[in-house]
Amino acid sequence: MRAVRGAHTAPELTVRRLLHRMGYRFRLHAKDLPGRPDIVFRRRRKAVEVRGCFWHRHPDPACRNAMLPRTRSAWWAEKLDRNVERDARNLQRLRQGGWSVHVIWECQLKGPSLKEGLTAFLGPVRTPNRPHG
Ligand SMILES: [Zn+2]
């Protein structure tokens, strides 16, 4: 079984590429922050988390990726609920530290609202040709 919360997953790469095209600059997997958020904008004190719907149990009832396997479903539920608890704990710690966090679910990557949501969350791109964090 692959790592529950692996870095550099395909959904995360999709969001990173989009942000880059939009002109944003960011850091990855900040080790000093709770839960090592995927994408970090230090000066804005903002972070973007990209979550796999299955591993992190996307709570949207319309999300089909989040359905539990029919076999050993109780075992899966218990296992995955631990991820959900950890996610919630990390999110709370980040917010207590003054960070804003934008969570993107894997199943939301294709819609047009992905870009709009990122722009609304991050605000305008800063002056290019200077290092940003
Ligand atoms: Zn989903």
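We take the metal site and then the charged pairs.

Colleague: Is this from an experiment or predicted?
Modeller: This is a predicted model.

Colleague: Ok. Which protein donors does the zinc ion have?
Modeller: They are C53 through SG, H58 through ND1, C63 through SG and C107 through SG. These donors lie 2.0 to 2.3 Å from the zinc ion.

Colleague: And what is the geometry of the site?
Modeller: The site of the zinc ion is tetrahedral. The angles among its four donor atoms run from 99 to 116°.

Colleague: What should I compare those with?
Modeller: For four tetrahedral donors, the ideal angle at a metal is 109.5 degrees.

Colleague: What spacing do the donors follow along the chain?
Modeller: The pattern is C-x4-H-x4-C-x43-C.

Colleague: Where do C53 and C63 lie?
Modeller: Each is in the loop between β3 (46-51) and α2 (73-96). They are 10 residues apart in sequence, so the pair ties together parts with that separation.

Colleague: Are C53 and C63 buried or exposed?
Modeller: Both C53 and C63 are buried.

Colleague: New topic. How many salt bridges does the structure hold?
Modeller: Five.

Colleague: Remind me, why do such pairs form?
Modeller: Side chains of opposite charge can pair when their charged atoms come close.

Colleague: Start with E12. Which residue does its side chain meet in a salt bridge?
Modeller: R16, at 2.9 Å from N to O. E12 and R16 both sit in helix α1, residues 10-22. They are four residues apart, about one turn of the helix.

Colleague: Buried or exposed, those two?
Modeller: E12 is buried, and R16 is buried too.

Colleague: What about D87 and R51?
Modeller: Their side chains also meet in a salt bridge, 4.0 Å from N to O. This pair links distant parts of the chain. D87 is in helix α2 and R51 is in strand β3, 36 residues apart. Both D87 and R51 are buried.

Colleague: One more. How far apart are the closest N and O atoms of R82 and E78?
Modeller: 3.7 Å, and the two form a salt bridge. Both lie in helix α2, four residues apart. That is about one turn of the helix.

Colleague: Why does R82 count as partly exposed?
Modeller: Its relative accessibility is 47%.

How values were computed. Residues are numbered from 1 along each chain as its sequence is written. This is a predicted model: local features need pLDDT of at least 70, side-chain atom pairs count only at pLDDT 80 or more; totals for chains, interfaces and linings use all residues. Side-chain values use heavy atoms; hydrogens and water are left out. Donors are N, O and S atoms within 2.8 Å of the metal (3.2 Å for Na, K and Ca); water is not among the atoms, so sites may look incomplete. Four donors count as tetrahedral if all angles lie between 85 and 135 degrees; four count as square planar and six as octahedral if opposite donors are over 155 degrees apart and all others between 65 and 115; anything else is irregular. Helices (H or I, at least four residues) and strands (E, at least two) are DSSP runs, numbered from the N terminus. Buried means under 20% relative accessible area, exposed over 50%, partly exposed in between (1.4 Å probe, protein chains only).
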